[in-house]
Amino acid sequence: QVQLVESGGGLVQPGGSLRLSCVASGTIFSIYDMDWYRQAPGKQRELVAAITSGGSTTNYADSVKGRFTISRDNAKNTVYLQMNSLKPEDTAVYYCHARNSVYWGQGTQVTVSS
């Protein structure tokens, strides 16, 4: 059974940082391009960042470019999202997703508030 498990969310003040992790099990993690999505209350889920299977190529939503960094460690079956200079509008549930698959994590809440 394939599982994606996110962690690292929490409450942070504006301007702060968090690092999200997503650990995969039950599959060959390294074959998948991986994505981080987020969904704020009352809004559609949006793609935040993406990384290819080998980690050589990354892409970001304009709203997070220059502040967020996606990376992965295939030896640890883990994809990360480093989030810096957080803003209140970054508040959402963050999900990892194995692209072109049905595999999603359960989500981790990020709240940016003073």
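Select Glu46: at 33% relative accessibility, Glu46 counts as partly exposed. (Buried means under 20% relative accessible area, exposed over 50%, and partly exposed in between, with a 1.4 Å probe and protein chains only.) Before moving on, note that this is a predicted model, where local features need pLDDT of at least 70, side-chain atom pairs count only at pLDDT 80 or more, and totals for chains, interfaces and linings use all residues. Residues are numbered from 1 along each chain as its sequence is written, and side-chain values use heavy atoms, with hydrogens and water left out.

**Stop 1: the charged network**

Is Arg38 buried or exposed? Arg38 counts as buried, because its relative accessibility is 6%.

Asp90 forms a salt bridge with Arg38, and the closest N and O atoms are 2.9 Å apart. Asp90 lies in the loop between strand S8 (78–83) and strand S9 (92–98), and Arg38 in strand S4 (residues 34–39), so the pair ties together parts that are 52 residues apart in sequence. (Strands, of type E and at least two residues, and helices, H or I and at least four, are DSSP runs numbered from the N terminus.)

The side chains of Asp90 and Arg67 meet in a salt bridge, 2.7 Å from N to O. This pair links distant parts of the chain: Asp90 is in the loop between S8 and S9, and Arg67 is in the loop between strand S6 (58–60) and strand S7 (68–73), 23 residues apart. Asp90 is buried, with a relative accessible area of 1%. Arg67 counts as buried too, at 11% relative accessibility. Salt bridges that share partners join Arg38, Glu46, Arg67 and Asp90 into one network. The whole structure has 6 salt bridges.

Show what surrounds Arg38. Leaving aside neighbours within four places in sequence, Arg38 is in contact with residues including Gln44, Val48, Phe68 and Tyr94. (Contact means heavy atoms within 4.5 Å.)

**Stop 2**

Phe68, Ile70 and Arg72 are on its covered face, while Thr69, Ser71 and Asp73 are on the uncovered one.

S7 and S8 pair in the antiparallel sense over 6 bridges. (Two strands pair if DSSP finds at least two bridges between them.) Which residue in S8 is the bridge partner of Ile70? The partner is Leu81.

**Stop 2: the core**

Select Met34, Trp36, Phe68, Val79, Leu81, Met83 and Tyr94. These have the most contacts inside the largest nonpolar core, which has 28 residues. (A nonpolar core is a set of buried Ala, Val, Leu, Ile, Met, Phe, Trp, Tyr and Cys residues joined through side-chain atoms within 4.5 Å.) Strand S3 (18–25), S4, strand S5 (46–51), S7, S8, S9 and strand S10 (108–112) each supply at least two residues of this core. Zoom in on Met83. Not counting residues up to four places away in sequence, Met83 touches residues including Leu18, Leu20, Phe68 and Val110.

**Stop 3**

Tyr32 is in the loop between S3 and S4, and Tyr103 in the loop between S9 and S10, 71 residues apart.

**Last stop: Asp35**

Select Asp35, found in strand S4. At 3% relative accessibility, Asp35 counts as buried. Its side chain makes a polar contact with the side chain of Arg99, at 2.8 Å.

Key
A salt bridge is a side-chain nitrogen of Lys or Arg within 4 Å of a carboxyl oxygen of Asp or Glu. Two strands pair if DSSP finds at least two bridges between them. A polar contact is a pair of N or O atoms within 3.5 Å; within protein, one must be able to donate a hydrogen and the other to accept it, and residues adjacent in sequence count only if both atoms are side-chain atoms.
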